[in-house]
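The entries follow in the order I made them.

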Amino acid sequence: MSKAMRIHRYGGPEELVEDTLPDTPPKAGEVRIRQRAIGVNFTDTHARRGDYAESKVLTAPVVIGMEGMGVVEALGAGVTRFAIGDRVGYAARPLGSYCDVRNFPADACVRIPAAISDTVVAASLLKGMTVEYLIRRVYAVKPGDVVVFHAAAGGVGTIAGQWLKSLGAEAVGIVGSADKVELARANGYAHVFVHGRDDWPARVLELTGGRGAPAVYDSVGQATWESSIACLAPRGWMACFGSSSGAVPPVSLEQLRQKSLILTWTRLGEYTADIAELEACASAFFAVVASGAVAPLVHRTFPLSAAAAAHRLLESRATHGSLLLIP
């Protein structure tokens with residue numbers, strides 16, 4: 001039998017309840033993973049609340065979560081990329097990482113280098129691969145670029161600040177409160193501004209001689225949308241990858257026409273859609289971690305049974321780095 005945290009209906013953190021599930025062998029193409037650590041991400045809170053457009057009324061209990069790592073215990077038919085005993089990590093659908101043992105598609109897993117610890121992988125694989133595609137493939141950051149990254153003191157933001165610095169960028173971090181300024185600075189941001197206190201669009205324009213930033217990476221959404229657009233340079237990229245403050249309002253193409261702006265809403269799954277892309281993305285992230293250029297932060301760990309407490313802390317915006325569940 002395995003233990004899992006499931007939701008029986010959409011709602012608040014209290015809807016996460018511990019259930020015992022029967023063990024099942026892996027199907028063809030799957031590996032059975034004995035999990036060692038599980039990442040907690042904002043996308044998990046959206047899944048718990050039923051925020052996504054594809055969400056429907058629950059017809060059965062659901063195990064949420066899309067990031068974890070562990071050791072391969074069994075192989076389904078046709079699996080040749082891995083062997084029993086391999087350490088693997090994943091950051092993808094199908095949901096279901098909030099458990100101690102699970103079956104998962106082998107083609108969505110990556111082998112973990114020996115030099116990378118369990119906690120670093122679970123705390124940062126989803127976040128690190130997100131940063132990789134944003135700053136290397138959506139808008140490929142060049143040395144000297146002044147780019148803006150929101151939620152700069154969070155799990156994704158701290159990785160982004162370190163990686164951007166290693167690329168020679170002049171990263172501008174936007175944080176939600178004054179107590180997060182120094183943390184963002186310590187993680188690579190050359191300039192840090194507080195949303196709601198500082199006129200950061202004007203400051204970005206000052207830093208760029210009035211031109212604006214070539215890219216803004218925004219996971220906040222509704223609260224920052226207008227200001228993010230305002231600080232972009234002509235032909236600048238507005239890269240949305242989350243909506244922690246609520247959905248972005250309906251977009252008028254007229255807003256983009258004024259400066260020939262490029263708007264994209266991105267999802268990690270579209271940038272790791274095949275094995276070659278997935279392995280290249282993960283390898284690039286593991287390389288910057290192994291080099292010391294990026295050191296992911298773990299804010300706090302919780303036992304799996306305390307997933308609700310982890311969600312409450314994450315939604316409080318009081319975290320400085322990543323949260324983990326330990327089975």
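I call angles under 35 degrees roughly parallel, over 145 roughly antiparallel, 65 to 115 roughly perpendicular and the rest oblique. Helices (H or I, at least four residues) and strands (E, at least two) are DSSP runs numbered from the N terminus.

I note that this is a predicted model, where local features need pLDDT of at least 70, side-chain atom pairs count only at pLDDT 80 or more, and totals for chains, interfaces and linings use all residues. Residues are numbered from 1 along each chain as its sequence is written, and side-chain values use heavy atoms, with hydrogens and water left out.

Entry on the helix pair. I find that the axes of α2 (residues 118–138) and α3 (residues 155–166) come within 9 Å and cross at roughly 50 degrees. The two helices are therefore oblique to each other. The contact (heavy atoms within 4.5 Å) includes Val-131 and Ile-135 of α2 and Ile-159 and Trp-163 of α3.

Entry on the sheet. I find six strands in an open sheet, ordered β11-β10-β9-β12-β13-β14, with parallel pairing; strands pair if DSSP finds at least two bridges between them. β11 (191–194) and β14 (262–265) are at the edges with a single partner strand each, so one side of each has no neighbour in the sheet. β13 (residues 232–240) pairs with β14 in the parallel sense over four bridges. Cys-240 stands opposite Trp-265 in β14. I also see α2 packed on the sheet, its direction making about 155 degrees with that of β13.

How values were computed: Axes fitted to C-alpha atoms, helices over the stretch in contact; angles between N-to-C directions.
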